[in-house]
Amino acid sequence: MKNLNFMSVALIAMVFFTGSIATAQTTNIVEAAVASEDHTTLVAAVKAADLVGVLTGEGPFTVFAPTNAAFDALPEGTVATLLQPENKAALAGVLTYHVVAGKFNAEDVIGLINKNYGKATVATVAGGALILSLEDGNVTVTDVNGNSATVTAADLNQSNGVIHVIDTVLLPKM
């Protein structure tokens with residue numbers, strides 16, 4: 001029953017995030033984020049870190065995309081500091097910590113969690129690790145600092161991967 005709940009949310013989210021299922025696979029990850037009113041901070045950060053070329057590339061990628069509200073929840077001044085040119089490397093590190101090489105849809109993520117007895121560790125493009133688990137039927141993603149994000153929308157399939165929307169910014173060890 002938990003899996004059905006998550007998969008239903010994924011389908012509804014796909015329509016909400018992209019406007020329609022038909023267009024979901026014709027845009028790349030960056031184009032989809034640009035089209036989302038809830039991801040303007042993420043888009044600004046991707047541009048400031050010069051990651052547009054990477055995330056419009058062939059992939060495939062799985063992106064755990066924090067919302068504007070997730071960035072707003074960071075301590076005051078964090079986003080502004082990260083967006084400064086002298087912090088470009090740190091910003092790129094934070095952003096690529098949200099990216100996993102390969103395409104992992106909700107079904108794949110849940111299968112990986114179940115196969116690993118409730119917790120699965122995945123490597124990020126930044127070189128760190130994220131822990132995936134299920135909590136009350138929702139996928140949670142935990143960073144190395146113990147911060148957890150909940151996947152609020154899943155399976156937003158794009159031409160070069162998949163986006164899963166999360167409610168918290170994940171941070172690598174700094």
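What kinds of residues make up the lining of the largest cavity: nonpolar, polar or charged? The lining divides into 17 nonpolar residues, three polar and one charged. Here, nonpolar covers Ala, Val, Leu, Ile, Met, Phe, Trp, Tyr, Cys and Pro; charged covers Asp, Glu, Lys and Arg; the others, Gly among them, are polar.

Some ground rules. This is a predicted model, where local features need pLDDT of at least 70 and side-chain atom pairs count only at pLDDT 80 or more, while totals for chains, interfaces and linings use all residues. Residues are numbered from 1 along each chain as its sequence is written, and side-chain values use heavy atoms, with hydrogens and water left out.

Let's start with the cavities. Rolling a probe the size of a water molecule over the atoms shows where empty space is left. A cavity is a set of points, on a 1 Å grid over the protein atoms alone, where a 1.4 Å probe fits but cannot get out. Lining residues have an atom within 4 Å of a point. Grid points are joined across faces, edges and corners, and a volume is the space filled by probe spheres set on the points.

How many cavities does the search find? Searching the whole structure gives four of 30 Å³ or more. The largest has a volume of about 190 Å³. It has 21 lining residues, and the closest to its centre are I29, L42, V46, L55 and V63.

Which elements supply that lining? At least two residues each come from α3 (29-34), α4 (40-48), α5 (52-55), β1 (61-66) and α8 (88-96). Helix α4 gives the most, with four residues. A word on those labels: helices (H or I, at least four residues) and strands (E, at least two) are DSSP runs, numbered from the N terminus.

Next, the second largest cavity. Its volume is about 60 Å³. Its lining includes T41, A45, F71 and L74. Two or more lining residues come from each of α4, α7 (78-82) and α8.

Now to charge. Side chains of opposite charge can pair when their charged atoms come close. A salt bridge means a side-chain nitrogen of Lys or Arg within 4 Å of a carboxyl oxygen of Asp or Glu. The structure holds one. It joins the side chains of D50 and K88, at 2.3 Å from N to O. D50 sits in the loop between α4 and α5 and K88 in helix α8, so the pair ties together parts that are 38 residues apart in sequence.

Are these two buried or exposed? Buried means under 20% relative accessible area, exposed means over 50%, and partly exposed is in between (1.4 Å probe, protein chains only). D50 is exposed, at 52%. K88 is partly exposed, at 35%.

Now the backbone. Most residues other than glycine have a negative phi, and most peptide bonds are trans. D50 has a positive phi, near 55 degrees. Y117 has a positive phi too, near 60 degrees. Y117 lies in the loop between α9 (106-115) and β3 (119-123), and it is exposed, with 81% relative accessibility. The peptide bond from G59 to P60 is cis, with omega near 5 degrees. P60 is in the loop between α5 and β1.

Last topic: the sheet. In what order do the strands run? The order is β2-β1-β7-β6-β5-β4-β3, in an open sheet of seven strands with mixed pairing. Two strands pair if DSSP finds at least two bridges between them. The edge strands, β2 (99-101) and β3, each pair on one side only.

Follow the sheet from β3. Strand β3 pairs antiparallel with β4 (residues 129-135) over five bridges. A123 stands opposite A129 in β4. Five bridges also join β4 to β5, again antiparallel. There, L134 has V139 as its bridge partner. These two strands form a hairpin with two residues between them, and D136 in the turn has a positive phi of about 55 degrees.

Strand β5 (residues 138-142) is mostly covered, with four of its five residues buried. It pairs antiparallel with β6 (residues 148-158) over three bridges. V141 is partnered by A149 in β6. Here the hairpin has five residues between its strands, and G146 in the turn has a positive phi of about 90 degrees.

Notes
On a 1 Å grid over the protein atoms alone, a cavity is a set of points where a 1.4 Å probe fits but cannot get out, and a pocket is an open set with protein on both sides within 12 Å along at least five of seven lines; lining residues have an atom within 4 Å of a point.
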